[in-house]
Amino acid sequence: MLRIDEVTNSEGFPDRCDVAVIGGGIVGVSIAYELARRGVSAVLLEKGVIGGEQSGRNWGWVRQQNRDLYELPLAMQSLARWSELGDELDEDVGFRRAGILYGTEHQSDVAQWESWLARAREVGFNSQILSARELAARIPSGRAKWAGGLWSVTDGRAEPSKAAPAIARGAQRLGAKVYQNCAVRALDTSAGRVSGIWTERGRLAAETVVVAGGAWSALFCQRHGIDLPAINVMGTALRTAEAPGVIEGCFAGPSFALRRRLDGGYTIAVPGYGRVELAPQNLRHSVKFRTMFRSKIDKKLKIRVGASFFHGPEASANWRDGDISPFEQTRVLDPRPDKEWLQRALQNVASVFPELSGLRIAHAWAGAIDTTPDLIPVISKVDAKPGLVIASGFSGHGFGLGPGVGMLVSRLVMGDAPQCDIAPFRLTRFSDGSKLASPEMM
């Protein structure tokens, strides 16, 4: 089983609140926390357990480096919040500014990093391009024919098993209410705007509702006639038993990603590889994902027929008012890991770090990564449903961005000026004729 720190439910159940937040992942808990810091009455509702899905299953990287240029300002603000959270919460979320290092055997990657870094400097971020010799000096045991590297000393790592639960508890201490195993079945509307939600525990009146349901957001939105283009990519990762220390932060090498854990082991994955299951939601949005599929499908994405066609977040949104919803039928989405990629990840690591040969897998898992066509999230008010805000589609970047998104959404809700340009995150970019950015990351 995935190990996630526990959160105790708040007592009772309120009749009303200022803001109802749907989804107890890193984004949802950060939104509830930031709202509570500002004295807003917030209720956080999670169908399963806090951090039980992708927010507890990701790599644990907290990075600014190699972000999409649209995301970079938000990533920079989010990392600043990560560095403050431990003291604010008086809890260890596992955040360490241990740096993030990339290494490559291909000069084309170095050229791409140089191009990205030139643009990143224009918004105030700087990292360091390393020569092959400089990279080898940082990882002297590494066995690869390096072309160069990219190093950010200010980037960091955190523990997914600890972060979302700690932030949720912090929100509770500031007055927010948190309820697990409490699915939200539908929105309630009155006079043309959102007036609350219907949960399995009854109605909750709210002036604003924030959908931060990760893999489930698109299904919930579709139920209310809102088109949120997103598919779920099932990504596989593993943690090892305690192992020799070859890096203290995070390292992305030839076809593997590595993070040092607080328990002395590593979290390891093969970047960009995943599984997409054919299902009504995926088929409906397939045209919008054509560019991404063309670039990824041959090398990194498996397309499969699976149970998702009939059950889970990608099935049809055909339940009726009063029915038990799909959110109650699957409390915690727990996809099967792809064993092929587990072995490939270990082999890739061992090819660079011989001292990590023979690593023992302590646990392997998969998570559903809610992915948009341009790999940029949706952080947006919904014009067709006044009072509704969406914060979803983070395409595997949500863990690092979460605290910054909490700040941003709290400002949207309160009517304050956002701390960064939100135009790239608007929902309408998928329907207003805008040319979408070509996806470069996953």
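**Exercise 1.** Against which helices and strands do the buried residues of H5 pack?

*Solution.* The model under study is predicted. Begin with the extent of the helix: H5 contains 14 residues, and its first and last C-alpha atoms lie 21 Å apart, close to the 20 Å expected at 1.5 Å a residue. Next, consider its exposure. Residues count as buried under 20% relative accessible area, and 11 of the 14 residues of H5 are buried, which leaves the helix mostly covered. Among these buried residues are Pro-160, Ala-163, Ile-167 and Arg-169. Finally, identify the partners: the buried residues of H5 pack against H1, H2, strand S8 (177–179), strand S14 (256–260) and H11.

**Exercise 2.** Determine which residue just after H5 takes a positive phi.

*Solution.* The residue is Gly-175, with a phi of about 110°.

**Exercise 3.** State which element gives the largest share of the largest nonpolar core, and describe that core.

*Solution.* First, the core has 49 residues, of which Ile-31, Trp-82, Ile-379, Val-405 and Val-409 touch the most other members. Second, the elements giving two or more residues to this core include helix H1 (26–37), helix H2 (72–89), helix H5 (160–173) and helix H11 (398–414). Third, H1 supplies the largest share, 8 residues.

**Exercise 4.** List residues that Trp-82 touches, leaving aside those up to four places away in sequence.

*Solution.* Trp-82 touches Ile-26, Val-62, Val-93, Phe-95, Ala-158, Ala-163, Phe-399, Gly-400 and Pro-403. A separate second core, of 36 residues, includes Val-43, Tyr-179, Val-194 and Ile-226.

How values were computed: Residues numbered from 1 in each chain as written. Predicted model: local features only at pLDDT ≥ 70, side-chain atom pairs only at ≥ 80, totals over all residues. Heavy atoms only, no water. Core = buried A, V, L, I, M, F, W, Y, C linked by side-chain atoms within 4.5 Å. Buried < 20%, exposed > 50% of the residue type's maximum accessible area, 1.4 Å probe, protein only. Helix = DSSP H or I, 4+ residues; strand = E, 2+ residues; numbered from the N terminus. Contact = heavy atoms within 4.5 Å. Expected span 1.5 Å × (residues − 1).
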